[in-house]
Amino acid sequence: MEQQTASRGATWLRMFTGGAPALHDWPSVQVVEAPLAGQPARWIAVVPDPANRFPRARNGEVGLVEGWQLARAVQDLIALDRDAPVKRPIVAVIDVPSQAYGRREEAFGIHQALAGAAGAYAQARLAGHPVIGLIVGLAMSGAFLAHGYQANRLIALDDPAVMVHAMGKASAARVTLRTVEALEQLAEKNPPMAYDIRNYASLGILSQVLKAANPASPGEQDLVLVRGALEAALAEIVEEPERDLASRLQGPHRAASRRVRELLETQWEAAD
Amino acid sequence: MTDIARLLQRDSFIERNARSRATALLDPGTMRELAGPFERLHSPWLARQQLVTQADDGVVVAKGLLDGAPTVVLAIEGGFQGGSMGEIGAAKIAGSLELAARDNRRGIPTQAVILFETGGVRLQEANLGLAGIAEIQSAIVDLRRYRPVIGVSAGTVGCYGGMSIAAGLCSWLVLTREARLGLNGPQVIEQEAGIGEFDARNRSLIWGLTGGEQRVATGLADACVEDDTLELRAAVARLFARGIPQRHRSERADDYLAALARADTDAQPMPADVRAIYTEGDA
């Protein structure tokens with residue numbers, strides 16, 4: 001289905017999959033099978049659906065239905081490859097402005113829908129599926145937790161419109177009792193609070209940041225660049241004995257995360 | 001016994017702090033705290049913003065036995081920064097769950113209880129809190145393959161944000177009537193979508209839609225207990241005895257998609273509408 005609003009997620013998904021048909025007739029969760037490094041892979045993106053039955057999920061937000069459809073798509077692949085010696089890779093193309101904020105969403109338990117998605121991605125990774133998250137636009141909060149944050153590797157485009165955060169600026173300012181300007185000033189000195197991708201990259205959670213010439217409407221060269229990075233990430237993942245998230249703990253700003261784990265490990269058995 | 005007498009005799013769980021809650025869940029004399037306050041694990045990020053820190057960063061890691069079984073209790077202190085998850089608190093929870101999963105791979109059946117009393121990500125540590133929550137979620141999914149991970153939210157903070165997603169990954173969930181479980185808090189919804197969408201001052205609506213009783217009645221949690229320490233502990237023990245669910249709640253995509261297809265999305269749902277949708281069919 002061609003969307004009126006061509007989101008970045010939809011654009012990049014179409015570029016990578018060469019217009020192959022989606023596996024489901026789901027308007028807001030697109031799942032496509034197309035090759036990566038010469039082998040079949042599943043490509044998944046959440047895209048805007050202006051006619052969404054849930055009015056708070058019409059702009060590409062991850063809502064109740066999106067969460068459970070992501071879960072279903074990933075679970076289906078795990079089931080298909082249960083006995084396969086090589087598990088198909090999953091590429092989550094990430095451009096999610098937020099989770100859906102609404103009364104219907106809370107009433108029907110959107111937290112559980114997003115748990116469905118996050119849990120399925122984590123299970124896929126633990127089952128041996130290489131999972132790569134490619135951030136081409138926004139990767140916000142609960143939406144990012146549901147779609148991409150469980151990946152073995154996270155790759156992002158270096159672009160001002162690419163942002164990662166826990167909450168939109170206006171709400172974050174209200175919750176922390178600050179003005180938006182004060183929040184922005186604070187973010188300049190505190191990398192975890194910043195919205196831009198370069199500060200986020202300094203946390204050591206991304207495996208790569210790529211400078212595409214035209215992130216909003218990528219050309220052939222951009223495609224070659226990003227595809228190369230995805231293939232390199234895939235080659236790394238399949239060589240790894242452990243399929244956990246430990247590779248994210250090595251950054252200079254994560255000293256406290258490492259210190260806590262060292263302490264716990266030392267004290268764990270001594271506590272018995 | 002009269003209601004008043006019962007109320008006076010009750011050992012409130014809600015009134016206990018995180019350390020006391022963890023101690024009360026474990027067998028007497030078996031609780032050992034790991035990465036405790038004497039390690040002085042103050043948040044480096046709060047300190048940089050001239051905000052108050054705490055030596056345990058608001059999370060207590062308690063190892064011990066529960067009815068004789070090796071158990072780690074991860075208790076979030078709702079009284080510190082709204083139970084928000086910063087880098088250190090999240091690392092304490094994720095790191096402990098990772099070690100519990102490693103125990104199981106080595107033949108030690110360690111199980112876990114998480115006491116959720118949290119608004120979600122600590123916004124002063126935004127992206128490190130979010131990353132830490134993703135690591136907690138990963139570790140729950142790993143550990144629950146071997147032993148149940150039980151989530152408890154007693155109140156009064158409730159369980160919100162990315163940590164509500166973590167709660168949705170638990171094998172079993174125990175709530176009290178005072179607890180609330182949801183992704184977005186009413187204030188944030190009102191801010192993002194307007195008062196017509198959600199009136200954050202309407203307490204009966206908030207508890208009616210997201211309170212412990214409703215969540216259990218709609219199958220989004222497993223037990224709603226009184227604010228009583230013994231009763232809560234008994235509920236946790238009962239759920240551990242049930243073992244790993246045949247299918248975790250987070251694995252029931254088909255049931256939930258079928259139920260949501262039945263929902264009338266033109267009108268704003270009332271609590272009874274949600275109960276009707278979720279008790280019809282399988283979800």
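This is a predicted model: local features need pLDDT of at least 70, side-chain atom pairs count only at pLDDT 80 or more; totals for chains, interfaces and linings use all residues.
The crossing of α4(A) with α5(B) is right-handed. Helix α5 of chain B covers residues 126–143, and its axis comes within 9 Å of the axis of α4(A), at an angle of roughly 65°. On the chain A side, the residues that make the contact are A:Ala118, A:Gly119, A:Ala122, A:Gln123 and A:Leu126. Chain B answers with B:Gln137, B:Ser138, B:Val141 and B:Asp142 from α5(B). Sorted by class, this contact has 4 nonpolar, 4 polar and 1 charged residues.

Let's step back to the whole contact between the chains. Chain A brings 66 residues to it and chain B brings 68 residues. On chain A, the elements that each supply at least two residues include α2 (64–80), α4 (110–126), β6 (163–165) and α10 (255–270). Which helix gives the largest share of the side of chain A that touches chain B? It is α4(A), with 12 residues. By class, that side of chain A has 36 nonpolar, 18 polar and 12 charged residues.

Helix α4(A) also has a partner within its own chain. The axes of α2(A) and α4(A) come within 7 Å and cross at roughly 25°. Because angles under 35 degrees count as roughly parallel, α2(A) is roughly parallel to α4(A). The crossing of these two helices is left-handed. From α2(A), the contact residues include A:Leu64, A:Trp68, A:Ala71, A:Gln75 and A:Ile78. From α4(A), they include A:Ile110, A:Ala113, A:Ala117, A:Tyr121 and A:Ala124. The residues of the contact of α2(A) with α4(A) divide into 14 nonpolar, 4 polar and no charged. Notice that A:Gln123 of α4(A) takes part in the contact with α2(A) and also in the contact with α5(B).

Is helix α1(A), residues 8–17, mostly covered or mostly open? It is mostly covered, with 8 of its 10 residues buried. Among the buried ones are A:Arg8, A:Trp12, A:Leu13 and A:Phe16. Their cover includes the strands β1 (29–36), β2 (39–46), β3 (90–96) and β4 (131–140) of chain A. After α1(A) comes A:Gly18, which has a positive phi, near 55°.

Strand β1 of chain A holds A:Glu33. This residue counts as partly exposed because it has 15 C-beta neighbours inside 10 Å. Setting aside residues up to four places away in sequence, A:Glu33 touches A:Ala20, A:Leu23, A:Pro40 and A:Arg42. Of these, A:Leu23 lies 10 residues away along the chain, with 7.5 Å between the C-alpha atoms of A:Leu23 and A:Glu33.

Finally, look at chain B by itself. Chain B is divided into domain 1 (3–246) and domain 2 (252–283), and the centres of these domains, taken over C-alpha atoms, are 26 Å apart. Where they meet, 6 residues of domain 1 are in contact with 5 residues of domain 2. On the domain 1 side, α8 (203–210) and α9 (212–217) of chain B each supply at least two residues. That side has 2 nonpolar, 4 polar and no charged residues.

How values were computed. Residues are numbered from 1 along each chain as its sequence is written. Chains are lettered from A and ligands numbered from 1 in the order in which they are written. Two residues are in contact if their C-beta atoms, placed from the backbone, lie within 7 Å. Helices (H or I, at least four residues) and strands (E, at least two) are DSSP runs, numbered from the N terminus. Ala, Val, Leu, Ile, Met, Phe, Trp, Tyr, Cys and Pro count as nonpolar, Asp, Glu, Lys and Arg as charged, and the others, Gly among them, as polar. A residue is buried if 20 or more other C-beta atoms lie within 10 Å of its own, exposed if 12 or fewer, and partly exposed in between; C-beta atoms are placed from the backbone. Domain bounds come from an automatic or database domain assignment. Axes are lines fitted to C-alpha atoms, for helices over the stretch in contact, and angles run from 0 to 180 degrees between N-to-C directions. Angles under 35 degrees count as roughly parallel, over 145 as roughly antiparallel, 65 to 115 as roughly perpendicular and the rest as oblique. A crossing is left-handed if the near helix is turned anticlockwise from the far one by less than a right angle, and right-handed if clockwise.
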